[in-house]
Amino acid sequence: MKQRYLGLLVGICTFTASLLMWWHQGKIPWDQHRLSALLNQPETADNLTTHISELMVSALKDHQTDRAIIHEEPETADTITRIHGSKHLMVSAFKDHRRNGAIRVISIIKRQDLQELYCVLCVHNNASTKGDGALSQCVSSKAQVEIHRDHFGFPYGTSDVFCTNPSSVEATHVSISTDPNATQSLKYLRVQNKEIKETFNYNFTVCISTLFGEYNNALQFVQAIEVYKLIGIQRLVIYNNSCGPDVEKVLKHYSKEGTLEVVPWPIDKFLKPSHGWLTELSPGDLHYYGQITALNECIHRYMYQSRYLLLNDIDEIIMPYKHKSLGDLMDSLQKQHSYAGVFTIETHVFPKIQSDDSGRFSLPEWKSVPGVNILQHIYREPIQKDFFNPSKMIINPRRVEQTSVHSTLRQSGPVIKVPYDVCRVIHVRTREHPHLRKEQLYEDKKLWEFEEKLIPNINHALHESGLLLKSATGP
């Protein structure tokens with residue numbers, strides 16, 4: 001019996017030394033209450049052996065869930081990546097300073113198949129924007145998942161996966177997995193927004209959500225961008241799933257110019273995305289090619305790059321009507337509402353079926369360019385009572401955590417509805433109210449005010465895109 005107790009004592013001492021070493025290295029949590037209760041209870045040798053074994057198993061399990069691992073080289077993720085061992089997808093990762101430095105992973109979660117997820121957080125030995133080199137000091141911990149409430153009934157929804165382990169403060173790369181130990185086979189996201197910035201590269205950036213269906217409305221796209229540049233936009237971001245050959249040329253031109261960032265968006269390689277927002281009319285796995293996910297990604301991508309973001313579609317222009325520029329507009333609005341970070345702008349439809357009779361902007365050089373000539377469509381529909389009229393937004397991204405298409409879901413500060421006579425969305429599209437006759441529409445020639453600079457700028461962009469011959473616009 002004495003030899004048995006002696007052997008057990010040696011085992012306890014060895015295990016205790018191991019526990020202290022692991023705890024000192026930060027590899028296991030120290031369950032002080034459980035250990036104290038164990039050591040203060042009189043036990044028989046058999047029961048003590050049983051309790052020590054349970055404690056060892058528990059500690060080793062914790063050690064496996066939060067441990068240091070060495071990787072030779074990280075495999076970096078694409079724009080959209082399958083979460084290991086699941087049907088979910090991860091997009092990008094950002095340090096959120098509003099949440100005590102937790103890492104927010106923008107994700108797409110299958111709502112009915114959500115299982116336990118783990119964050120694998122790593123430190124890059126020689127961190128660079130390219131993501132090459134070795135990862136070390138990797139730890140795993142349970143993730144917290146928040147599925148956004150606006151999923152419109154589709155099986156998959158935009159989500160935030162939060163990594164709140166203290167190691168997230170120093171982590172340079174993160175991956176999400178259903179298995180905390182499957183670290184060697186993972187793809188990693190570079191953690192962005194590591195530092196808070198008080199100065200910004202841009203004052204105004206437009207987040208244009210998903211481009212899909214071989215979209216080839218090149219003329220309207222160029223016209224909208226050139227209008228935006230004249231009222232203060234410095235940067236545009238577009239999430240490109242697919243586009244037509246002419247729009248592809250336009251994207252290359254503006255990317256080369258430095259005005260546009262194109263984010264690849266291959267969502268259809270992973271899911272069957274819907275072409276609309278109603279499951280009954282356009283069934284699929286995910287709302288509108290992941291439009292909401294893209295908008296949320298853009299908010300965090302440009303949180304410390306741009307003072308303000310405009311969230312709108314490719315065929316929309318958020319236009320000030322009482323100010324010369326977006327800068328003047330926002331200076332005025334912020335003086336009136338200093339604590340606001342979200343400003344909603346009412347959408348007004350300019351139906352394509354109604355055109356200006358004078359033909360003033362029916363320029364012959366544009367006839368060969370595919371797309372809608374928005375300068376010809378000067379009639380807008382009146383707002384109808386008791387009819388849903390969607391809004392788009394100008395936001396301070398540092399005040400917004402989650403957004404939907406027409407409103408934010410989580411923000412700090414009040415949301416301000418901007419009067420339509422101060423600012424409105426110009427949306428040239430199919431008519432919203434087919435019963436309205438031309439004489440019932442309002443004449444709105446706001447875009448004509450930019451004619452002097454706008455026309456040559458449009459022609460230059462079309463020429464640089466290879467869509468317009470130089471001879472067509474003169475010497």
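How much space lies in the largest cavity? About 60 Å³. This is a predicted model, in which local features need pLDDT of at least 70, side-chain atom pairs count only at pLDDT 80 or more, and totals for chains, interfaces and linings use all residues. Residues are numbered from 1 along each chain as its sequence is written, and side-chain values use heavy atoms, with hydrogens and water left out.

A cavity is a set of points, on a 1 Å grid over the protein atoms alone, where a 1.4 Å probe fits but cannot get out. Grid points are joined across faces, edges and corners, and a volume is the space filled by probe spheres set on the points. The whole structure holds 4 cavities of 30 Å³ or more. Lining residues have an atom within 4 Å of a point. Those of the largest cavity include Tyr321, Phe350, His377, Asp444 and Trp448. The lining splits into 8 nonpolar, 1 polar and 3 charged residues. Here Ala, Val, Leu, Ile, Met, Phe, Trp, Tyr, Cys and Pro count as nonpolar, Asp, Glu, Lys and Arg as charged, and the others, Gly among them, as polar.

The second largest cavity has a volume of about 50 Å³. Among its lining residues are Asp150, His151, Tyr156, His287 and Gln291. Strand β8 (156-163) and helix α6 (291-301) each give two or more residues to this lining. Helices (H or I, at least four residues) and strands (E, at least two) are DSSP runs, numbered from the N terminus.

Now the open space. A pocket is an open set of points with protein on both sides within 12 Å along at least five of seven lines. The largest pocket has about 1,100 Å³ of space. Its lining has 43 residues, and Tyr288, Asp313, Glu316, His427 and Arg429 lie nearest its centre. β11 (202-211), β16 (342-351) and β22 (423-429) each supply at least two lining residues. β11 gives the most, with 4. The lining divides into 17 nonpolar, 17 polar and 9 charged residues.

Last, a helix pair. Leu219, Val222 and Glu226 are among the α4 residues that meet α8, where the partners include Lys453, Asn457 and Ala461. Contact means heavy atoms within 4.5 Å.
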